[in-house]
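Hello! Here is the structure I promised to pass on to you. Have a look around it, and then read my notes below.

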Amino acid sequence: MSPSSTQLIIEICYLVATALFILSLKWLSAPSTARRGVWAGEVGMALAIGGTLLHHGIVEYRWILIALVLGTIIGIPLGLVQMTAVPQRTALSHACGALCVTLVGTAEFYLASPYIPPFTMSVLCLEVILGSLTFTGSLMASGKLQEILPQRPITYRGQNFVNLSLLAISVVLAVILVLHPGQKALFPFIIFIPLIFGVMMIVPIGGADMPTVISLLNSYAGLSAAAMGFVLNSKLLIIAGALDGSSGFILSVIMSKAMNRSFSNVLFGAFGQVQTAAAGAQETRTVRSATAEEASSILAAANTVAIVPGYGMAVAQAQHKVRELFDALSKKGIDVKFGIHPVAGRMPGHMNVLLAEADIPYDRLLDMDSINPDFPQTDVVLIIGANDVTNPAAKTDQSSPIYGMPILEVDRARTVMVIKRSMNPGFAGIDNPLYYFDKTLMLFGDAKGFVGDIVRELTGGSGH
Ligand code: NAP
């Protein structure tokens, strides 16, 4: 094949890949088109890799093959993790991408130094600084979420000053390198200082904020890839990096808003410390508990039921049992809806994905703003493994760390039933006053087992 026709094929592959990446993001934003979005992203990435492999500049395929095999060996188990481990798995992907960007930038520098124009050197520095800090930052974030590292924020006096100084030193070195690209001895410093900054940046952030931080690191990884696109003169990388960078940023903003937190508060606020002060005050209060038989009679007598799922439903993998419950109640003519909080679970869209997997109709899934006005007319709210997203302290207790976070206002319903295993707090580590209300019944047990028991009671012991 002539070089010009190969070039044409490469350009077409890149053009189609770019279009597919954009469509993928668009389709991923609605549950009904999300599967198509995943396919579009996968086909786009296959085309991008295929087009790149056709480049005439490649003289030796052996190393690429070894890298492909190694990548596949690492990638397959990463794709098989439990849904609840997806945030930390995503952080690992960012770490791999960021390491790759840093290595490519380093190779480009040593190949071209000292003949690097100021613009190229500027984006190369940006690429390496962002890549290095994203690499260690993502590893730290992943370790915290996987609980390999302590989840609590570690803070000390002058921490923000130390962190910002590290970043400032890297920027000053980058400026010197832009002016004097032959200063090869300085280059390692714009790798190692941001590597340390990445660790220091995550140390003061608590586990509860880690998903938001991971989304921000996603944005950094995208921006560093876009910078690499400028260095390598690849339009595809620039576009894909910009899409990644902006979508990660938008997601972090949405998550912060849903928790009523500002970015600076997430990054510097040391949220997520275990709240021990309030725990003692709750000890004397009592809760009312009920059995699956009692819970099923209350549900069967209701006209309207709202189910509020949370992280506990995800860990228990109870979504299919919840579908059976939905069917059993609907068969009795009961109007059943689901109330979905934007940060229920451990990643954005967590509940939507699980309920879609169980084939619960999309039109039964209502977001927080749509379902909140309905709660006063709802006979029974059944909370399945959700806690923080229903905590009324967010509205009433100014001293609460989640004060101001918008919640599902389940306390306005006539009866509230809560399935969880104990009185342990949720991710924010704080007590939930809802459990002590007169209208609340605690259903202690594993989400999957308890919902299964309720279904059996409702269906006269037949169950599925
Ligand atoms: P949550 O507040 O963490 O509460 C989950 C509850 O599920 C726990 O209280 C736990 O109580 C219960 N549970 C655990 N395993 C269970 C099982 N097998 N069966 C039954 N219950 C079980 O969860 P959430 O209400 O979904 O709130 C999400 C939290 O994550 C919020 O604080 C949110 O800000 C934070 N967050 C989420 C995101 C996101 O993107 N989704 C991002 C950042 C932060 P027991 O131990 O007593 O069973």
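**What I found inside**

The largest nonpolar core has 68 residues, and those with the most contacts inside it are L299, L325, F338, I383, I384, L443 and I454. Please keep in mind that this is a predicted model. Helix α17 (residues 447–458) gives this core its largest share, 6 residues. A second, separate core of 35 residues includes V123, L186, I191 and F197. As background, nonpolar side chains tend to be buried together in soluble globular proteins.

Now pick out L443 on your screen. Leaving aside its neighbours within four places in sequence, L443 is in contact with A290, T291, A295, L382, M417, V418, I419, K420, F450 and I454.

**The sheet**

Next, look for the open sheet of 6 strands: its order is β3-β2-β1-β4-β5-β6, with parallel pairing. At the edges are β3 (365–367) and β6 (440–444), each of which pairs on one side only. On average, neighbouring strands of this sheet are turned by 25° against each other, direction ignored. Strands β4 (residues 380–384) and β5 (residues 415–420) run parallel and are joined by 5 bridges. Within that pair, I383 of the core list stands opposite V418 in β5.

**Helices on the sheet**

Helix α11 (residues 292–300) packs on the sheet, where it touches β1 (304–309), β4, β5 and β6. The direction of α11 makes about 140° with that of β5. Another helix, α14 (residues 350–357), lies across β1, β2 (335–340) and β3, and runs at about 145° to β2.

Which residues of α11 are buried? They are A292, A295, S296 and L299. These residues cover an arc of only 100° around the axis, so they sit on the same side of α11. Their cover includes β1, α13 (319–331), β4, β5, β6 and α17.

Finally, turn to T106, which lies in helix α4 (residues 86–112). Is T106 buried or exposed? T106 counts as buried because its relative accessibility is 16%, and the cut-off for buried is under 20%. The side chain of T106 reaches the backbone oxygen of T102 at 2.6 Å. Not counting residues up to four places away in sequence, T106 touches V128, F187 and I191. You have met I191 already, in the second core.

Enjoy exploring!

Methods:
Residues are numbered from 1 along each chain as its sequence is written. This is a predicted model: local features need pLDDT of at least 70, side-chain atom pairs count only at pLDDT 80 or more; totals for chains, interfaces and linings use all residues. Side-chain values use heavy atoms; hydrogens and water are left out. Two strands pair if DSSP finds at least two bridges between them. Helices (H or I, at least four residues) and strands (E, at least two) are DSSP runs, numbered from the N terminus. Axes are lines fitted to C-alpha atoms, for helices over the stretch in contact, and angles run from 0 to 180 degrees between N-to-C directions. Contact means heavy atoms within 4.5 Å. A nonpolar core is a set of buried Ala, Val, Leu, Ile, Met, Phe, Trp, Tyr and Cys residues joined through side-chain atoms within 4.5 Å. Buried means under 20% relative accessible area, exposed over 50%, partly exposed in between (1.4 Å probe, protein chains only). The arc is that of the directions from the helix axis to the C-beta atoms. A polar contact is a pair of N or O atoms within 3.5 Å; within protein, one must be able to donate a hydrogen and the other to accept it, and residues adjacent in sequence count only if both atoms are side-chain atoms.
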